[in-house]
Amino acid sequence: MVETLSHKQARRIALAAQGFADKRPAKPSRRHLIATIERLALLQIDSVNVVSRSHYLPLFSRLGAYPRPLLEDLAWGRKPALLEYWGHEASLMPLDLQPLLRWRMDDARAGVGVWKGVAAFLASHRPFIDKALAAIHERGPLSAGELDLGERGQGGWWGWSEAKRATECLFWAGELTTATRRGTFERVYGLPEKVLPPAIWSAPTPSREEAHRILLGRAARAMGVATARDLRDYFRMGLADARRGLAQLVEAGDLIPVVVEGWSEPAYLTPDARRPRSVKTNALLSPFDNLIWFRERAERLFDVRIRLEIYTPAHKRTHGYYVLPFLQGEAITARVDLKADRKAGVLRVISAHREPTANARTPAALAVELALMADWLGLEGVAVAASGDLAPALSAAIARD
């Protein structure tokens, strides 16, 4: 018989798999960061810095006020422990995922699917590409600007210079990798055989089928319980590849088919998934947090419709420009549009909205988390604007603290 999970059970399993059932450490260390990234499998990179670049935020949500330089050292230090590549979107991942993503690099070189433009550029600009690779080979890691090999592009590709287009195509194709990032978040490109540890670079390349199966397994552990669409989305896999890998995991007993109350599609449970009786946490979630980045799954888990409104005209936005949902216990109870006003030294709450699941404790719990975030960002306090139905209560809670 196929087990049936209640909606609450599935949500608790998902929260535990994502690290929200664990107590935050008193003093987050490098070890805590590594363990959390291993659990999540990847952190989505986003350069928007209204509050903080998004890849910093999932660790804050789970660990609290960790030292930000720890992540920078793991990702871009002298001996990086993380790989930067296309996982979910642009992502930071444990180094051992590099061999498992070589099929995607092959697709980029071959122009499969979304990579047609990459392959076309590499083919049509081969002398230019060879010149860029030779420069990095001779001079060491370089930014696109330091290559200075061409004129600024026109029209598409965001007006990138030819050097930037070349380095990005080579990055997607696996012929270059990120050696480091500079203060302006500028990517510096290096040869993977010189940047990656020898054990990773020389590791055998698994078959496409094996790689997809392993990646699906990593996704499943990160989610606890998930539909096939959820699992595909985590590493952005094609339908046929995911179906084959999913069938193999089920046959091997690494995934167990289950039914989740209220879900219209079959679900799959990892055999060792934690099943907490309750989850008690408070966390501000990046719009790109692993827990909610697949909006369909987020709505299924929390009965909340989450949409990114950065590209929506201001007068048409419902909740704001850079909105962080607030996870209180097992529910999303509020949303806050935030801005780190570094000049004034405050974390500004542009608007604060309550969800139907909000309760009397929501303003105070949110105020504590906002104060923690402000301190983590090096800001002196929190300032609340009078916008949104939660703003007055939140402002009062912050004033009491």
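In strand S7, Arg187 is the bridge partner of Arg181. This is a predicted model, so to speak: local features need pLDDT of at least 70, side-chain atom pairs count only at pLDDT 80 or more, and totals for chains, interfaces and linings use all residues. Two strands are said to pair if DSSP finds at least two bridges between them. Both strands sit in an open sheet of three, ordered S5-S7-S6 with antiparallel pairing. Strands S5 (142-143) and S6 (177-181) stand at the edges with a single partner strand each, so one side of each has no neighbour in the sheet.

Zooming out, the chain has 17 helices and 15 strands; these are DSSP runs numbered from the N terminus, with helices being H or I of at least four residues and strands being E of at least two. The C-alpha trace spans about 65 × 60 × 40 Å along its principal axes.

As for burial, 56% of the 401 residues count as buried. Buried means under 20% relative accessible area, exposed over 50%, and partly exposed in between (1.4 Å probe, protein chains only). Of the contacts between residues at least 6 apart in sequence, 63% join residues at least 24 apart, a contact being heavy atoms within 4.5 Å.

Thr281 is in the loop between strand S10 (267-269) and strand S11 (282-284), and at 14% relative accessibility Thr281 counts as buried. Leaving aside residues up to four places away in sequence, Thr281 touches Phe20, Leu327, Gln328 and Gly329. Glu380, in the loop between helix H16 (362-376) and strand S15 (381-384), is exposed, with a relative accessible area of 76%. The C-alpha atoms of Glu380 and Leu370 are separated by 11 Å, with the two residues 10 apart along the chain.

Terms used:
Residues are numbered from 1 along each chain as its sequence is written. Side-chain values use heavy atoms; hydrogens and water are left out.
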